[in-house]
Amino acid sequence: MAKEYKCQKVVYENYLGFALKIVFRYIYRYDRAVDVVNDSFVKLFSNFDRFTAVADDTGNRRLLMGYIKRIMINSSIDELRKGNMMQETGPVPDYVWDFSVKDHDADQQLLYKQLILMIKELPPSYRTVFNLYVIDGYSHAEIAEIMQIPVGSSKSNLARAKKMLQLSIKKLEDQSYAVIR
């Protein structure tokens with residue numbers, strides 16, 4: 001039993017950052033995101049017998065990351081449903097913008113920050129469909145099942161999210177162009 005807890009601790013410590021990044025795409029309040037991550041790890045460990053490993057270590061790692069990702073996404077959507085998909089409020093904490101890779105220049109960091117803030121401003125249902133489809137690679141049928149909406153609603157939410165992002169980017173470009181002139 002003690003070995004099991006030690007293994008759980010290792011998994012938790014190694015995948016906490018990965019899990020938090022996934023949840024934070026859906027839930028922007030840090031305190032709520034941490035709660036969802038911790039609850040999700042409890043689900044992961046209590047249902048770990050459902051996880052099947054493969055023979056090689058790299059395959060195991062990818063499978064485990066996929067399993068963790070699915071649990072984090074489903075838990076995030078469950079949390080959003082509890083709040084009736086209410087708009088997240090409040091600023092994004094500064095540490096979220098920290099890059100561990102030194103290859104990013106200041107312009108890339110600024111563009112990344114602006115894009116994340118634009119996505120954050122989307123209505124919750126648009127933002128959730130956008131994240132699921134564009135970032136996480138779910139199909140509209142899967143999104144419809146997860147969010148308990150018709151497939152057509154998933155498609156229209158994505159189209160509206162893209163349109164809103166296009167308008168936000170155009171507005172930002174226009175502001176940048178006006179400053180240059």
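In which helix does arginine 160 lie? Arginine 160 belongs to helix α7, which covers residues 151-180, in a model that is predicted. The protein has seven helices and zero strands, and of its 181 residues 33% count as buried. The points below move from the overall fold to individual helices, ring pairs and charged pairs.

**Overall fold and surface**

- Read from the N terminus, the order of elements is α-α-α-α-α-α-α, in keeping with the count of seven helices and zero strands.
- When contacts between residues at least 6 apart in sequence are considered, 69% of them join residues at least 24 apart.
- The protein exposes about 11700 Å² of surface, of which carbon and sulfur atoms supply 56%.
- Tyr133, Val134 and Ile135 make a nonpolar surface patch of about 240 Å²; within this patch, valine 134 is found in helix α5, residues 124-135, and counts as partly exposed because its relative accessibility is 42%.

- The buried residues of α2 are Arg32, Ala33, Val36, Val37, Ser40, Phe41, Leu44 and Phe45.
- An α-helix has 3.6 residues a turn, so residues three or four places apart point the same way.

**Aromatic pairs**

- A search of the whole structure finds two aromatic pairs; in the pair of tyrosine 12 and phenylalanine 41, the ring centres are 4.9 Å apart and the planes stand at 70°, so the arrangement is edge-to-face.
- This pair links distant parts of the chain, with tyrosine 12 in helix α1 (residues 2-24) and phenylalanine 41 in helix α2, 29 residues apart.
- The two partners fall into separate accessibility classes: tyrosine 12 is partly exposed at 26% relative accessibility, whereas phenylalanine 41 is buried at 2%.
- Ring pairs link Tyr12, Phe41 and Phe45 into a cluster, and both Phe41 and Phe45 are listed among the buried residues of α2.

**Salt bridges**

- Side chains of opposite charge can pair when their charged atoms come close, and the structure holds seven salt bridges.
- One of these joins glutamate 13 and lysine 9, whose closest N and O atoms are 3.8 Å apart; because the two residues are four apart in helix α1, about one helical turn separates them, and both glutamate 13 and lysine 9 are exposed.
- Aspartate 31 and arginine 29 also meet through their side chains in a salt bridge, at 3.3 Å from N to O, and each is partly exposed, aspartate 31 at 44% relative accessibility and arginine 29 at 33%.
- The side chains of glutamate 79 and arginine 32 form a salt bridge of 3.5 Å, N to O; glutamate 79 lies in helix α3 (residues 57-82) and arginine 32 in helix α2, so the pair ties together parts that are 47 residues apart in sequence.
- With a relative accessible area of 18%, arginine 32 is buried, because the class takes in values under 20%, while glutamate 79, at 21%, counts as partly exposed.
- Arg25, Lys69 and Asp136 are linked in a network of salt bridges.

Conventions
Residues numbered from 1 in each chain as written. Predicted model: local features only at pLDDT ≥ 70, side-chain atom pairs only at ≥ 80, totals over all residues. Heavy atoms only, no water. Patch = residues over 30% accessible without salt bridge, like charges linked within 9 Å, V, L, I, M, F, W, Y side chains within 5 Å. Areas by Shrake-Rupley, 256 points an atom, 1.4 Å probe, with all protein chains shown as cover. Salt bridge = Lys/Arg side-chain N within 4 Å of Asp/Glu carboxyl O. Buried < 20%, exposed > 50% of the residue type's maximum accessible area, 1.4 Å probe, protein only. Contact = heavy atoms within 4.5 Å. Phe/Tyr/Trp six-rings, centres within 6.5 Å; stacked < 30°, edge-to-face > 60°.
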